[in-house]
Protein chains: 4
Amino acid sequence: MLKEMNHVKLGMIGLGKMGANLVLNLLNHGHEVAVYDANPEAAKQLAERGAAPAFQLEELVRSLETPRILWLMVPAGDATEQVLESLLPLLSPDDIVIDGGNSHYKDSMKRAARLRERGLHFMDVGTSGGTSGARHGACFMIGGDAECFKLLEPLFRDLAVPDGYYYAGKSGSGHFLKMVHNGIEYGMMQAIAEGFEVLEKSEFDFDYEKTAKVWSNGSVIRSWLMELTQSAFSKDPKLESIRGVMHSSGEGKWTVETALDLKANAPVIALSLMMRYRSLEEDTFHGKVVAALRNEFGGHAVERSKE
Amino acid sequence: MLKEMNHVKLGMIGLGKMGANLVLNLLNHGHEVAVYDANPEAAKQLAERGAAPAFQLEELVRSLETPRILWLMVPAGDATEQVLESLLPLLSPDDIVIDGGNSHYKDSMKRAARLRERGLHFMDVGTSGGTSGARHGACFMIGGDAECFKLLEPLFRDLAVPDGYYYAGKSGSGHFLKMVHNGIEYGMMQAIAEGFEVLEKSEFDFDYEKTAKVWSNGSVIRSWLMELTQSAFSKDPKLESIRGVMHSSGEGKWTVETALDLKANAPVIALSLMMRYRSLEEDTFHGKVVAALRNEFGGHAVERSKE
Amino acid sequence: MLKEMNHVKLGMIGLGKMGANLVLNLLNHGHEVAVYDANPEAAKQLAERGAAPAFQLEELVRSLETPRILWLMVPAGDATEQVLESLLPLLSPDDIVIDGGNSHYKDSMKRAARLRERGLHFMDVGTSGGTSGARHGACFMIGGDAECFKLLEPLFRDLAVPDGYYYAGKSGSGHFLKMVHNGIEYGMMQAIAEGFEVLEKSEFDFDYEKTAKVWSNGSVIRSWLMELTQSAFSKDPKLESIRGVMHSSGEGKWTVETALDLKANAPVIALSLMMRYRSLEEDTFHGKVVAALRNEFGGHAVERSKE
Amino acid sequence: MLKEMNHVKLGMIGLGKMGANLVLNLLNHGHEVAVYDANPEAAKQLAERGAAPAFQLEELVRSLETPRILWLMVPAGDATEQVLESLLPLLSPDDIVIDGGNSHYKDSMKRAARLRERGLHFMDVGTSGGTSGARHGACFMIGGDAECFKLLEPLFRDLAVPDGYYYAGKSGSGHFLKMVHNGIEYGMMQAIAEGFEVLEKSEFDFDYEKTAKVWSNGSVIRSWLMELTQSAFSKDPKLESIRGVMHSSGEGKWTVETALDLKANAPVIALSLMMRYRSLEEDTFHGKVVAALRNEFGGHAVERSKE
């Protein structure tokens with residue numbers, strides 16, 4: 001199949017923050033990369049860095065020798081589904097599609113089966129490490145055919161930090177691991193954030209950048225997230241310019257839903273998610289109900305709405 | 001000691017919402033009540049309803065025959081401590097002091113010991129049922145001397161709804177029960193409120209007053225709190241006039257602290273309390289930290305502060 | 001359509017604890033009830049109480065005049081689906097199918113649409129109040145056609161306690177309300193249970209039956225669940241004969257999943273569910289991981305498995 | 001005061017896992033260390049490594065030149081208090097006592113005031129990094145006099161990893177930071193553990209050592225705790241030899257209590273602690289109550305106790 005993996009040509013579809021950085025990372029390691037994005041500007045920019053730009057999916061596919069390697073780095077859900085829908089008719093037997101995005105593992109299991117029926121290969125690859133990781137060394141959790149993985153392994157070796165990839169087994173296992181990874185991430189971030197919340201309300205006058213720095217060096221809780229906390233405070237010592245609105249992109253929710261399905265205990269991950277939802281609202285209906293009830297039975301004063 | 005309990009004269013100290021209603025309840029049952037409040041207006045108003053007003057603690061104490069019964073209905077903490085401090089020198093052996101407020105059970109245990117040394121009796125009485133209960137039939141959780149309780153029992157029988165008082169044992173047990181009662185109350189209120197939060201965000205168009213009404217009649221979750229929920233929605237169908245700021249007065253916190261001391265599981269009570277604290281803030285520091293972190297590793301946009 | 005609702009003949013499918021008690025309740029109010037259960041013994045027993053037994057679905061359907069009323073009281077999920085599958089070919093236009101079980105509201109929405117296509121009516125009816133409520137007066141949350149509800153209203157009036165039914169609107173709204181009702185129930189039960197957990201670990205020696213009794217009379221937390229708590233303790237003062245394994249039947253989980261979908265805050269309901277899952281296990285994998293980690297960084301001793 | 005800090009002689013009191021390793025670390029950096037422990041064996045062992053053993057507190061104190069530096073590394077609470085009680089009469093003005101243990105920050109504030117009255121200095125120093133950190137480079141969070149810190153700084157520089165110490169300000173701030181550090185640690189550990197709980201209950205067959213390894217390399221959740229997780233799984237791939245009993249030593253509880261006092265949101269830290277308490281019990285009273293209630297209203301079967 002793929003003999004000369006030291007020098008591969010692959011097609012990257014989706015050139016957002018993650019996709020573009022993976023392309024640069026691949027180019028750096030001497031691979032050839034054909035690139036495509038719905039926005040032609042993205043391909044043009046990477047062309048300047050050495051990638052081969054394509055402005056149609058067909059063009060991208062035609063530019064690759066079979067068996068082709070196509071790496072999807074597009075938002076999970078509809079976007080991934082649509083790209084796949086357009087892509088499949090263009091492919092030839094033994095071509096490999098890698099979904100490096102944050103797809104739900106159940107979708108990946110279905111997609112692997114769908115591609116298998118057509119003689120194609122589907123690899124679900126969870127990617128972690130943020131944009132800097134994509135550029136300089138990421139972390140990959142990989143599911144799919146073992147044989148396929150063997151072929152692609154040199155690619156992952158180049159893209160990852162040392163020991164930064166793991167072939168986890170059958171289809172779905174890669175995205176399952178990434179999902180749970182993000183669930184853990186939610187919990188770790190909330191734990192760190194709660195710690196600083198307690199510091200902020202205390203009688204002491206801590207320097208948060210220095211606090212995050214000392215906790216990044218030698219402590220039990222040293223971690224990349226703590227280093228990032230230090231970095232954030234170095235830019236804005238009290239985070240005064242930022243609102244505490246915590247968005248989420250789905251994997252945390254999937255982790256909780258999966259935990260419920262499996263009757264697995266995950267209270268901390270669940271709470272971390274719920275605090276994010278809480279942060280999206282300035283006032284809550286449940287708060288109104290409790291305030292109204294306190295007024296009903298105890299005559300406790302309620303605060304009136306501003307308008 | 002107290003022989004003729006069918007007709008008692010006692011002194012009520014503290015004529016707020018709860019104290020005043022208990023006085024009216026007592027008068028209704030044919031008891032004589034001497035009343036005192038730091039605010040003389042409160043005593044005057046109850047005088048019009050048949051109470052014997054006093055404008056000094058000394059005056060109140062002097063107006064009672066020994067052994068006296070003095071019922072404190074003042075805010076827990078410093079206020080209770082100060083009244084007690086002023087009161088003790090005025091009392092005679094065998095006088096009974098009832099603390100009907102929301103004192104911490106450990107304070108009540110200490111006070112009982114302190115009074116015992118002086119030959120006085122201290123009863124810790126948790127009172128529930130809200131202001132309407134105080135007026136028309138409340139619920140009492142009673143700790144202190146068994147003998148003392150026997151003497152006071154006719155009084156509790158008159159003030160409570162049928163089966164609405166329980167002598168729980170040694171000093172502190174009454175306020176301990178009241179504390180835990182309030183912890184349960186926090187959890188029940190939050191559970192009800194979360195239910196309506198889910199309804200409010202759903203695709204359906206529920207009438208909340210009718211929902212609370214049907215849940216108050218025949219359902220597993222029928223309860224006084226659900227009836228109060230119905231009452232609240234009858235006044236303001238979407239609670240639009242109320243802000244969801246959930247204050248708290250201490251017993252919920254004490255329940256959680258006590259649970260932690262006892263290594264007793266109380267996650268729901270703890271969370272109910274924490275959601276109350278959350279509601280006091282428009283934005284949170286932990287939210288800022290999480291938002292900043294998401295920006296650091298994933299380049300996710302943060303929302304900027306309004307100013 | 002149904003003119004003489006004071007005297008109705010309907011078919012009850014599913015004669016378990018809930019179904020059988022509803023039949024007796026209906027018979028009590030002078031209605032005629034044809035009854036069917038996969039287990040013929042159940043129909044025979046109700047025949048002795050005045051119901052018309054059927055031993056085949058066809059027989060049941062044939063015994064009713066059109067437009068027929070068929071009340072399903074079978075377990076949610078596959079069982080309900082199978083009964084419906086068998087039933088639909090036997091029905092005539094304008095027949096009404098009531099699903100009184102705990103179906104997921106989204107299933108009920110699909111079923112209503114499916115029946116509508118065939119000219120049939122589907123009503124989703126959440127039933128609360130336990131087995132005693134089914135027998136003597138239950139609580140119904142009703143979704144479906146408004147016109148259909150009008151016709152059935154006398155039936156609900158007979159079966160429910162006063163004010164114990166609510167027509168909530170379009171299909172799905174009845175089962176949605178029941179789902180959320182059960183979510184609230186989980187939270188209330190956990191809150192009550194945590195309270196007794198704190199009492200049990202305290203230094204005091206409370207009589208739990210008397211505690212639950214006083215809390216059932218006049219207190220803010222008086223509720224049917226508290227009365228049932230009293231009843232449970234009256235049979236087993238320390239619940240020594242019972243293991244604390246908390247099973248669950250689905251609605252609590254659905255409430256949490258729905259809350260997550262709606263980004264509605266429901267931490268207390270979520271935690272109540274997770275504590276139930278936790279109770280199903282004697283040991284946990286997450287516990288092993290934490291214990292192992294404490295050993296790794298601090299040399300803290302781990303407890304060894306028993307075998 | 002202390003001029004020649006490149007070469008210091010200090011006294012270490014408490015030679016447990018942490019204390020002994022700090023001594024070795026100090027010796028390694030060319031400092032002289034006099035050592036004392038209630039157990040004379042501990043001092044003897046360190047004497048073989050170059051420390052100056054003392055078998056009485058007096059002996060230890062006498063062996064040091066004034067102004068002395070005494071580093072306490074004993075269990076928080078009574079043990080620390082007793083050592084301090086014995087030590088204080090032996091000291092001379094300007095001597096410095098370092099409490100490197102896990103004392104409550106409020107105790108440290110009181111102790112600093114107590115020593116100040118006697119002309120002594122008290123530094124509260126939170127130590128993190130586990131036993132290996134104590135030996136090869138730890139993390140210190142330091143509160144107390146700024147001047148005193150300046151004098152001791154070379155010592156901390158030698159004992160810590162680079163950037164691994166932070167002078168946080170007035171007395172108490174060091175132990176406050178350590179307390180919150182441990183609260184964060186509880187949350188991070190629980191988050192990681194919940195992730196593996198979900199993996200363990202999934203349909204996949206993950207190698208947990210390899211999972212922890214890939215998550216330790218390049219991922220967003222890379223951290224020392226994840227490396228320790230890898231280490232734990234390398235010794236016991238499914239942790240079958242370990243029971244999931246999660247003990248705790250106090251700082252997590254203090255963090256939650258402090259958060260409650262400050263009305264700071266810390267649901268994840270609180271839940272992490274409560275899951276630890278839950279793990280100490282094979283069965284729970286709250287579980288019994290919920291199981292009994294389900295039986296009461298729904299006739300759901302309860303599981304009977306084994307005996």
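**View 1. A cluster of aromatic rings in chain A.** Ring pairs connect A:Trp71, A:Phe140, A:Phe149, A:Phe156, A:Tyr165 and A:Tyr167 into a cluster. Rings of Phe, Tyr and Trp (its six-membered ring) pair if their centres lie within 6.5 Å; planes under 30 degrees apart count as stacked, over 60 as edge-to-face and the rest as tilted. Over all chains, the structure holds 68 aromatic pairs. This is a predicted model, in which local features need pLDDT of at least 70 and side-chain atom pairs count only at pLDDT 80 or more, while totals for chains, interfaces and linings use all residues. Residues are numbered from 1 along each chain as its sequence is written, chains are lettered from A and ligands numbered from 1 in the order in which they are written, and side-chain values use heavy atoms, with hydrogens and water left out.

**View 2. The aromatic pair of A:Tyr105 and D:Phe204****.** The two rings of A:Tyr105 and D:Phe204 are edge-to-face, at 5.9 Å centre to centre and with 75 degrees between the planes. A:Tyr105 lies in helix 5 (residues 105-117) of chain A and D:Phe204 in the loop between helix 8 (173-201) and helix 9 (208-215) of chain D, so the pair joins two chains. Helices (H or I, at least four residues) and strands (E, at least two) are DSSP runs, numbered from the N terminus. A:Tyr105 is buried, at a relative accessible area of 6%, and D:Phe204 is buried at 9%. Buried means under 20% relative accessible area, exposed over 50%, and partly exposed in between (1.4 Å probe, protein chains only).

**View 3. The aromatic pair of A:Phe196 and A:Tyr208****.** These rings, A:Phe196 and A:Tyr208, are edge-to-face, with 5.8 Å centre to centre and 90 degrees between the planes. The pair links distant parts of the chain, with A:Phe196 in helix 8 (residues 173-201) of chain A and A:Tyr208 in helix 9 (residues 208-215) of chain A, 12 residues apart. A:Phe196 and A:Tyr208 are both buried.

**View 4. Helix 8 and helix 10 of chain C****.** The axes of helix 8 (residues 173-201) of chain C and helix 10 (residues 224-235) of chain C come within 11 Å and cross at roughly 45 degrees. Axes are lines fitted to C-alpha atoms, for helices over the stretch in contact, and angles run from 0 to 180 degrees between N-to-C directions. Helix 8 of chain C and helix 10 of chain C are therefore oblique to each other (under 35 degrees is roughly parallel, over 145 roughly antiparallel, 65 to 115 roughly perpendicular and the rest oblique). From helix 8 of chain C, the contact (heavy atoms within 4.5 Å) involves C:Met188, C:Met189, C:Ile192 and C:Phe196, and from helix 10 of chain C it involves C:Leu225, C:Met226, C:Thr229 and C:Phe233.

**View 5. Cis peptide bonds in chains A and C****.** The bond from A:Thr66 to A:Pro67 is cis, with omega near -10 degrees. A:Pro67 is in the loop between helix 3 (57-62) and strand 4 (69-72) of chain A. In chain C, a cis peptide bond joins C:Thr66 and C:Pro67, with omega about -10 degrees. C:Pro67 is found in the loop between helix 3 (57-62) and strand 4 (69-72) of chain C.

**View 6. Positive phi at C:Asp94****.** C:Asp94, a residue other than glycine, has a positive phi near 80 degrees. C:Asp94 sits in the loop between helix 4 (78-87) and strand 5 (96-99) of chain C. With 35% relative accessibility, C:Asp94 counts as partly exposed.
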